[in-house]
Every structure is written in C-alpha cells, then in structure tokens.
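This briefing goes from the overall dimensions of a protein to the covering and pairing of selected strands. Please read it alongside the sequence and the structure.

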Amino acid sequence: MPFDRDRFVADCVASLDEDDPQAAIQDHLARAVSEHAAVLAELGEPASAGLDVLVASPRLTMFAAKWAPNMTLSPHNHEMWALIGLYSGREDNIFWKRTAQGLRAGGASALFPGDVASLPRDVIHSVNNPLPRFTAGLHIYGGDFFDTQRSLWDAETLTEQPSNGEIVRAIFEAENAKLQRR
Ligand SMILES: [Fe+2]
C-alpha cells in the first residue's frame, strides 16, 4: 500500500487527544514503517542531511530526519516523549544516564528499516549512522521540538550545554558542508 504523507500526519494529529497519545501514534508509525519502501518512495531517497518537517506545533512535531553518511549526534535530551521509526539505512542509539559522576552510557539499540523506538520524556541518547550512506527515519515528538530549550553534551568531555531546535538544525547543515568538501 502506498504511504500517504498527509494521511499519516492527519492520523497522528487525530491521536493527540487519546489517553496515551504516544502509544496511539506509535501504532501509526509502526504500521507506516512496516512498509518502509513505501515511506521512502513517498518521502524521497535522502540526498542531503536535514530535517524535513511534516508538522511543527505546540503539541506535536514530526519530521523526516536524514542522517549524513557516518553522521553522529552527541548525547542530548528532548524534554518530551519521542518516537523514531526507521525507513532507510540504520540508526544506532546509545542511551545515557545522569550520575553523580556525570553522564554514563547505559544501553544501546540498533534500528533497522521497519523498527520503531519509543523514548520516554527524560531520555538522553546519542545517535550514529554507522553506514557509508544516508539513513532516514520519521521522528515524532510530543511537544514543540523547535521551541524547547534542552541540553546537548559535548562528545569528548560530556559537558552539558544548552541546546534547542535551531542548534540541532545547524548540526545537520554542518554535515552538508562537510559532504560538499569531500
Ligand atoms: Fe534525539
């Protein structure tokens, strides 16, 4: 069955008033990426890094995240629930915990096309595309991703720094500049 971007967005928006919107939207996302080739056909083979925004609103943000070959995003939080559904490539996650000694790695998951990850509000994760080609996933957040202050930890020192949607966008843009220099 073809993937209909507008229909998918409408289904997710309609689930916002359910008792557990994250679980309801996870069902839509799992159904969509179970036919990941159809999602890729509709959203397009990724050719640059970036966030292709489907919805940006106070209660819901949805975008296709396109990861450059071998791109890494250092540990960060969201301050809202999140869902990731992969439709091309591979996305590796390391999960981190705050401890008295600072941030410590505590778990991992490798997402392949068709896989969905459900992340709680307080998650801290870092993301890596281990492939020498683009990875793409549908990312859904239970809030305004682009207008929420959060944290990003330095990859080397694990020092906590302020972050927001614009800083994340700039990180993806910097990957494109790197690609052009290759
Ligand atoms: Fe994230």
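The model is predicted. Its secondary structure consists of four helices and 11 strands. Strand S2 is mostly covered, whereas strand S6 is hardly covered.

**Overall dimensions and packing**

- The radius of gyration is 16 Å, which agrees with a compact globule, because a globule of 182 residues would have a value near 16 Å.
- Along the principal axes, the C-alpha atoms occupy a box of roughly 45 × 45 × 25 Å.
- Of the 182 residues in the protein, 34% are buried; a residue counts as buried when 20 or more other C-beta atoms lie within 10 Å of its own.
- Among contacts with a separation of 6 or more, 73% are between residues 24 or more positions apart.

- Strand S2 spans residues 61-67, and seven of its seven residues are buried.
- Side chains in a regular strand alternate between the two faces of the sheet.
- In S2, both faces are covered. One side carries Thr61, Phe63, Ala65 and Trp67, and the other carries Met62, Ala64 and Lys66; all of these are buried.
- Strand S1, residues 50-56, runs antiparallel to S2 and is joined to it by six bridges.
- Within this pairing, Gly50 is opposite Lys66 of S2. Lys66 is also one of the buried residues of S2.
- The two strands S1 and S2 make a hairpin, with four residues between them.
- Strand S9, residues 135-141, is also antiparallel to S2, and seven bridges join the two.

**Strands S5 and S6**

- Strand S6 covers residues 102-111, and the count of buried residues among its 10 residues is one.
- Strand S5, residues 91-99, pairs with S6 in the antiparallel sense, over nine bridges.
- Glu91 is opposite Leu111 of S6.
- S5 and S6 are joined as a hairpin through two residues.

How values were computed:
Residues are numbered from 1 along each chain as its sequence is written. This is a predicted model: local features need pLDDT of at least 70, side-chain atom pairs count only at pLDDT 80 or more; totals for chains, interfaces and linings use all residues. The radius of gyration is taken over C-alpha atoms; the globule rule is 2.2 Å times the number of residues to the power 0.38. A residue is buried if 20 or more other C-beta atoms lie within 10 Å of its own, exposed if 12 or fewer, and partly exposed in between; C-beta atoms are placed from the backbone. Two residues are in contact if their C-beta atoms, placed from the backbone, lie within 7 Å. Two strands pair if DSSP finds at least two bridges between them.
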